[in-house]
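Please keep the sequence and the model in view while reading.

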2 protein chains.
Amino acid sequence: MTKVTAQMSVSLDGFYAGPRHEGDGDWLASAEAAAFFRVTRWAISAMAWRERQGFRGGEQSVDSDVIRENFEAAGAYVMGRRMADGGEEPWGEEPPFRAPVFVVTHRPRPTLERKGGTSFTYVTDGVASAVEQAKAVAGGKDVAVAGGGTLVRQVLAAGLLDELELHVVPVVLGTGMRLLDAELGLGEKEGIELTPLRVLHTADVTHVRYAVKGRAPLLLDDRGRNG
Amino acid sequence: MTKVTAQMSVSLDGFYAGPRHEGDGDWLASAEAAAFFRVTRWAISAMAWRERQGFRGGEQSVDSDVIRENFEAAGAYVMGRRMADGGEEPWGEEPPFRAPVFVVTHRPRPTLERKGGTSFTYVTDGVASAVEQAKAVAGGKDVAVAGGGTLVRQVLAAGLLDELELHVVPVVLGTGMRLLDAELGLGEKEGIELTPLRVLHTADVTHVRYAVKGRAPLLLDDRGRNG
């Protein structure tokens, strides 16, 4: 059974990057990038991540195992347009996905075939369609929502996400782009309930994987007052 | 060596209560309360919490052990005025703290002596003073910042917090009062770095305890681009 999964590195206060960088300035010099590199540092150090990027070195660790496992579990990806655009040049001829990637965008574009099994198909009729197309080719493996945060939030808000894994990095950023924010469109006294599936941790990051149960009312529980 | 500690139950998106309830309406019926009771449900179910409140029942569990340990580690408390006011009636003649509590407030008031070792001393010259006064009587145990969230954030922002334990509850709330927010006053490309000390988890909550290292610049780390 194909699951729809997402994982994201976030600060302790829930940011996956700094305040959004606008305009033509140097992204690498932006506050968005500084925070992004802080919360993804653990991954950049991990052998499994470096191997996928074609980089040498890196550490074999629980963190690396988590990355390897997530790469191997994915039979297809769904990705936001901004992430796909930003990655196109640095990922180069052989991107790290090694599977079909469905990019949610408003701009039609022919499918881009890359080496190593990665292709980018541009989907213009919405998130749910991209998830369906990815499921159809995932070969029984998972559909991984690769990001960015806006897309992960949209998939969660639409009730399409089965599992969410947060890699919680021990830093407080105070500001930036938050994965879980008001755009989820939850009602008053409504929450999205989850069930913890697994917790792994190192000195650099705590990996918490949840199954998403779905929206539910927040029921009053005042046993603390009634004794 | 007396440490200054804080712990708080938060949703996966970092809220410790719903949107702040204003006015004279029924707090128990508010969205603030509905979310507060959701994120503290694990504690209300725990034997160690119920014992301290003089309530019967509850479950013996890892969650209960965490509560017991935190109560026993505290030699004195610092508390915000709103929490102290809200608790005065429900805590009754024998509040659960069994130690001196220093309430940060603008309104002078004589110290309130309660049964079982709890006293409330009203401190009008600021957070740092309240922490100092609590340290002086903690008898080598910890000074626990009892809450609410605003006070915990102030103590963290002031660089006075040694340890922070979050009890992360598997629910997304989307809105409400957030423990870690922009009021921390962090600069651009600045974070508060922490070190994980302990992770415990049950089906209901993940307890993550951190040592606070302090403010540090976010250094550019672009090994992910340079290979």
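What percentage of the 227 residues in chain A do buried residues make up? In this predicted model, the buried share of chain A is 45%. Chain A contains seven helices and twelve strands. Its radius of gyration is 18 Å, close to the 17 Å that the globule rule gives for 227 residues, so chain A is as compact as a globular protein of that length. The C-alpha trace of chain A spans about 65 × 40 × 40 Å along its principal axes. Of the contacts in chain A with a separation of 6 or more, 60% are between residues 24 or more positions apart.

The sheet may be considered next. Ten strands form an open sheet with mixed pairing, and their order is β5(A)-β6(A)-β4(A)-β3(A)-β7(A)-β1(A)-β8(A)-β12(A)-β11(A)-β9(B). At the edges stand β5 (112–113) of chain A and β9 of chain B; each has a single partner strand, so one side of each is left without a neighbour in the sheet. Helix α5 (residues 127–137) of chain A lies across β1 (4–11), β3 (74–80), β4 (100–104), β6 and β7 (142–147) of chain A. Relative to β4(A), this helix runs at about 175°.

Strand β8 (residues 163–169) of chain B runs antiparallel to strand β12 (residues 206–217) of chain B, and six bridges join them. In β12(B), B:H207 is the bridge partner of B:H167. Strand β11 (residues 190–201) of chain B also pairs with β12(B) in the antiparallel sense, over eleven bridges. B:G191 stands opposite B:A216 in β12(B), and a hairpin of four residues joins β11(B) to β12(B).

How many residues does each chain bring to the contact? Chain A gives 46 residues and chain B gives 45 residues. On the side of chain A that touches chain B, at least two residues each come from α1 (31–44), β9 (171–172), β11 (190–201), β12 (206–217) and α7 (223–226) of chain A. By class, this side of chain A has 26 nonpolar, ten polar and ten charged residues.

A:L186 counts as partly exposed because it has 19 C-beta neighbours inside 10 Å. Leaving aside its neighbours within four places in sequence, A:L186 is in contact with A:G191 and A:I192 of chain A, and with B:L173, B:G174 and B:T175 of chain B. The C-alpha atoms of A:L186 and A:V66, 120 residues apart along the chain, are separated by 30 Å.

The same surface serves both copies, as 98% of the contact residues of chain A recur in chain B.

Definitions and conventions. Residues numbered from 1 in each chain as written. Chains lettered and ligands numbered in written order. Predicted model: local features only at pLDDT ≥ 70, side-chain atom pairs only at ≥ 80, totals over all residues. Contact = placed C-beta atoms within 7 Å. Nonpolar A, V, L, I, M, F, W, Y, C, P; charged D, E, K, R; others polar. Rg over C-alpha atoms; globule rule 2.2 N^0.38 Å. Buried ≥ 20, exposed ≤ 12 C-beta atoms within 10 Å, placed from the backbone. Pairing = 2+ DSSP bridges. Axes fitted to C-alpha atoms, helices over the stretch in contact; angles between N-to-C directions.
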